[in-house]
Amino acid sequence: MNNQSAQMPVIRRVAIVGSGLSGLTVGIRLQQQGHEVKVFEKSRGPGGRLAAKRVPGGSADVGAQYFTSRNPKFLPFLREFAGDQSFAIWPGRFGFLDETGNWGSFPDEPRYVGTPRMTAITRALSAHLDVTAETRVERLERSGHQWLLVDTGGNSLGEFDQVIITAPPAQAQTILTNSQLPELAGELEEPVQKVLPCWAVAAHFEKAPWSQHEGIRVEHPVLYWLANNSSKPGRDDDGHWWVLHANPEWTEQHVSTPAERVAELMVDAFRNLTGTNAEPDELITHRWLYARSRDGNQPGHLWFADDSIGIAGDWLSGGRVEGAFNSACSLVAAMTAGR
């Protein structure tokens with residue numbers, strides 16, 4: 001048997017569920033190899049955790065706040081397929097405030113953000129792919145040696161040789177369960193239990209409420225992260241938008257609390273922590289049910305070769321934005337190697 005025949009058979013058609021960074025990276029890398037790729041996204045547009053909310057005068061990043069680059073292949077990939085104009089270094093002042101009120105320093109490394117919003121990166125990447133938005137995949141059905149994708153309305157989305165799922169673990173598990181694949185769904189039981197929720201609030205202030213830092217990681221009964229969104233490059237806001245993330249434990253306790261009450265409690269915590277008397281005049285809330293994962297086994301990706309199904313996502317590779325890229329690349333490598 002020669003080396004070529006030992007490789008995975010040529011992929012004719014690949015379906016990717018989810019258009020976050022991991023899904024788009026998988027799609028671009030496979031497309032580079034000559035494969036036909038189709039991406040399905042349940043939301044109105046690509047992004048995943050690189051998410052932004054439209055606000056008066058601009059937008060506010062309510063998901064991932066920034067990203068770092070430790071993999072030497074990550075930034076070159078973004079420059080080639082998203083373009084230099086889609087991201088920039090955030091030259092903010094960052095600090096860590098522990099539960100006793102003592103300040104500590106952040107790691108000294110460049111932090112990047114999408115410009116003029118985090119979604120600029122995934123929107124630029126998605127331009128290289130065939131993406132169908134507002135389509136939620138419900139299940140996969142066997143059709144000979146292929147998979148037929150079916151949406152929640154019972155509509156056929158086409159037949160594919162391989163399927164890559166890049167949704168959060170709970171949503172990926174639901175698709176596999178609906179597809180009568182209990183063994184594969186069982187592989188996600190532990191990751192599902194480790195996913196943590198997060199309430200996010202974007203608050204607008206007419207005047208700067210605080211000026212000591214632009215980004216703050218805190219150990220606090222309510223809050224986990226505070227950021228001056230208007231300080232990020234490419235933003236041209238009227239006033240000052242701050243983004244607040246609640247900690248997982250508080251979010252779990254308030255996962256069903258009305259958004260208006262959540263915003264009130266989180267802004268009160270922000271004002272008490274910073275000592276500001278400023279009152280916001282605009283509030284935007286977003287509840288992330290699947291924000292990040294607790295530490296645990298993170299194999300990088302899951303590739304079920306016998307079923308021609310792969311799973312990728314940042315939760316499989318460290319949880320950071322760059323982890324989504326790393327997960328995607330490791331999955332493509334495994335598929336190519338036939339493992």
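The following exercises, with worked solutions, concern a predicted model.

**Exercise 1. Aromatic pairs of F325**

Task: Classify the aromatic pair formed by F74 and F325, and state which parts of the chain this pair ties together.

Solution. 
Step 1. The structure holds 17 aromatic pairs, and F74 with F325 is one of the pairs, with 5.0 Å from centre to centre and 35° between the planes.
Step 2. Ring centres must lie within 6.5 Å to pair, and planes under 30 degrees apart count as stacked, over 60 as edge-to-face and the rest as tilted. The pair of F74 and F325 is therefore tilted.
Step 3. F74 belongs to helix α3 (residues 74-81) and F325 to helix α10 (residues 321-337), so the pair ties together parts that are 251 residues apart in sequence.
Step 4. Both F74 and F325 are buried.

**Exercise 2. A further partner and the cluster**

Task: Describe how the rings of F77 and F325 are arranged, and name the aromatic cluster that contains these residues.

Solution. 
Step 1. The ring centres of F77 and F325 are 5.2 Å apart and the planes stand at 45°, so this pair is tilted.
Step 2. Because F77 lies in helix α3 and F325 in helix α10, the pair ties together parts that are 248 residues apart in sequence.
Step 3. F77 is buried, as is F325.
Step 4. One aromatic cluster is formed by F67, F74, F77, F81, F87, Y112 and F325.

**Exercise 3. Positive phi values in loops**

Task: Where are E134 and Q180 found, and are these residues buried or exposed?

Solution. 
Step 1. E134 is found in the loop between β9 (131-132) and β10 (137-143), and its phi is near 50°, a positive value in a residue other than glycine.
Step 2. Exposed means over 50% relative accessible area. E134 has 59% relative accessibility and therefore counts as exposed.
Step 3. Q180, with phi near 60°, is found in the loop between α5 (169-178) and α6 (182-186).
Step 4. The relative accessible area of Q180 is 66%, so Q180 is exposed.

Methods
Residues are numbered from 1 along each chain as its sequence is written. This is a predicted model: local features need pLDDT of at least 70, side-chain atom pairs count only at pLDDT 80 or more; totals for chains, interfaces and linings use all residues. Side-chain values use heavy atoms; hydrogens and water are left out. Rings of Phe, Tyr and Trp (its six-membered ring) pair if their centres lie within 6.5 Å; planes under 30 degrees apart count as stacked, over 60 as edge-to-face and the rest as tilted. Helices (H or I, at least four residues) and strands (E, at least two) are DSSP runs, numbered from the N terminus. Buried means under 20% relative accessible area, exposed over 50%, partly exposed in between (1.4 Å probe, protein chains only).
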